[in-house]
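Subject: Structure handover

Hello,

Here is the structure to look through. My notes follow below it.

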Amino acid sequence: MVSFIRRVFSFGDKPVEKDAPQVPQDAPETAVDAAVQAELEPKSRDEDLPVAADPVAAAEIETAGGPSADVVEAVEEEPAAILPGVEETSDLGVVPLSLLEAEAAAESASVEGAALPPSALPGISGPEDEIIEVAAPVSSAESVAEEESAEPAAPVLPKGFSTAKPEAEPVIVVPPAKLTWFQRLRAGLARTSSQLTGQITALFTKRKLDEQTLEELEDLLIQADLGVETAMRITDTLSSERYGKDVTGEDVSRIMSDEITKVLMPVAKPLQLDLNHKPHVILVVGVNGTGKTTTIGKLAAKLSGSGLKVMLAAGDTFRAAAIEQLKIWADRTGSEFIGTRLGADAAGLAYDAFEQARAKKSDVLIIDTAGRLQNRTELMAELEKIVRVLNKLDPDAPHTVLQTLDATTGQNAMNQVEIFRNVAGVSGLIMTKLDGTARGGILVAIAAKHKLPVYFIGVGEGVEDLEPFEAKDFAHAIAGLTH
């Protein structure tokens, strides 16, 4: 056993121990075991054993990333926050004094708006750089104010009762932007232009201009009440420019607008007033429903608005509503008014109106007449009587005879112009209700045949919807073109 230990744990020359017992070789086994046991027991050595020097310096160990040097410098550690110790509570549940002091400190810090570190609060731990915001407590005064500001709950009504609905807030209506005259004219002639241009576009889709196409186009223009003369002018011009070539609806609309302008330019004239004759007498004639009374009111508004003194005479003694309607227009426009009883002689009223207008020095006298059909000879004879009476008072009176035409009547308007021109000596036209028909082209046919001046056109019920006639604007609107 001793020899095995010596072979395995050999550390060089073994120092000679003075106190080690010497065992003879021929000693019995019991003596050998005793010697081994004595050798294995630890013994204190008084001798100083040599200490080998460290082959690697401490500086080299630090730079090499090896183990630290044997001598480690003491690092001063910051003292950790001392938390209050846990104190035992009695059976009565008394809160420790240290916990009460910590809570009081936390409340005072929160009231001042300060942030406390976690270590200052009992039972809260965290990193040193983390700060916990403590919300300020709501005072009792603030809570009372909030309760007072809160809306009271709606009362619960018993069965059979109900609360009234809250009044709706008034809605502010923004008035639409005012349209220009051309925009209103286009809107008024939209039905005429859309129907006409739609048919023309369908006719010239992927087709070249030939004799058959020209004949179909001429039929379309005549059906639109433009008249035979105007339809032939348009087809002749189109044939000379685009015959045998591809034609689009835009090409036809452009040529149509140009030719209509040429027809209408000679008749687009202003209404001349001879103020040397006071009053200047305007006699308004037309069949029933053409808008005579409304047109008179609009003319009075324009004339009185420019500073002229106007008188209105209700010569339509066959319709009670006409007298009342003209009286309303006179009050609205600040004009003088003269009327008579229902069924009275219209020629006698015309005489009285002229005398009063002369006495009051009115600038313009506008006389309304009863609506009559052009095929009623007895009614047309009464109209001739009015003209004769005025002519006796003033050889030049009536100075202007205006005939109102309803655009919705189409070709019938052509016959009306011819008869009234022969009876009353019509000197100018006013076309109304262009916004309610797709047959506005009748004005072109009338202008081409009778060559009568067209003073005004109407596209609505308002005063601003009656404007002087402009040939180019009308031609562009009816052809569907923009300005």
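Some terms come up throughout, beginning with helices (DSSP runs of H or I, at least four residues) and strands (DSSP runs of E, at least two), both numbered from the N terminus. Contact means heavy atoms within 4.5 Å. Axes are lines fitted to C-alpha atoms, for helices over the stretch in contact, and angles run from 0 to 180 degrees between N-to-C directions.

This is a predicted model, in which local features need pLDDT of at least 70 and side-chain atom pairs count only at pLDDT 80 or more, while totals for chains, interfaces and linings use all residues. Residues are numbered from 1 along each chain as its sequence is written, and side-chain values use heavy atoms, with hydrogens and water left out.

The sheet

Eight strands make up an open sheet of mixed pairing, ordered β3-β2-β4-β1-β5-β6-β7-β8. Two strands count as paired if DSSP finds at least two bridges between them. At the edges are β3 (336–338) and β8 (466–468), each of which pairs on one side only. From one strand to the next, the twist averages 20°. Strands β5 (residues 400–406) and β6 (residues 428–432) run parallel and are joined by five bridges; Q403 has L429 of β6 as its bridge partner. Helix α12 (residues 320–333) lies across β2 (310–313), β3 and β4 (364–368), at about 165° to β3.

The cores

A nonpolar core is a set of buried Ala, Val, Leu, Ile, Met, Phe, Trp, Tyr and Cys residues joined through side-chain atoms within 4.5 Å. Buried means under 20% relative accessible area, with a 1.4 Å probe and protein chains only. The largest core has 80 residues, and L226 and F474 touch the most other members. Leaving out residues up to four places away in sequence, F474 touches L185, L189, L264, L434, G440, L443, V444, I457 and F469. A second, separate core has 19 residues, including I323, L402, Y455 and F456.

The helices

Helix α16 (residues 442–450) is largely enclosed by the rest of the structure, because eight of its nine residues are buried. Among them are I442, L443 and H450. Just after α16, K451 has a positive phi of about 60°.

The axes of helix α8 (residues 211–223) and helix α9 (residues 228–242) come within 9 Å and cross at roughly 150°. On the α8 side, the contact includes L214, L217 and E218, and on the α9 side V228, A231 and M232.

Regards

How values were computed: Buried means under 20% relative accessible area, exposed over 50%, partly exposed in between (1.4 Å probe, protein chains only).
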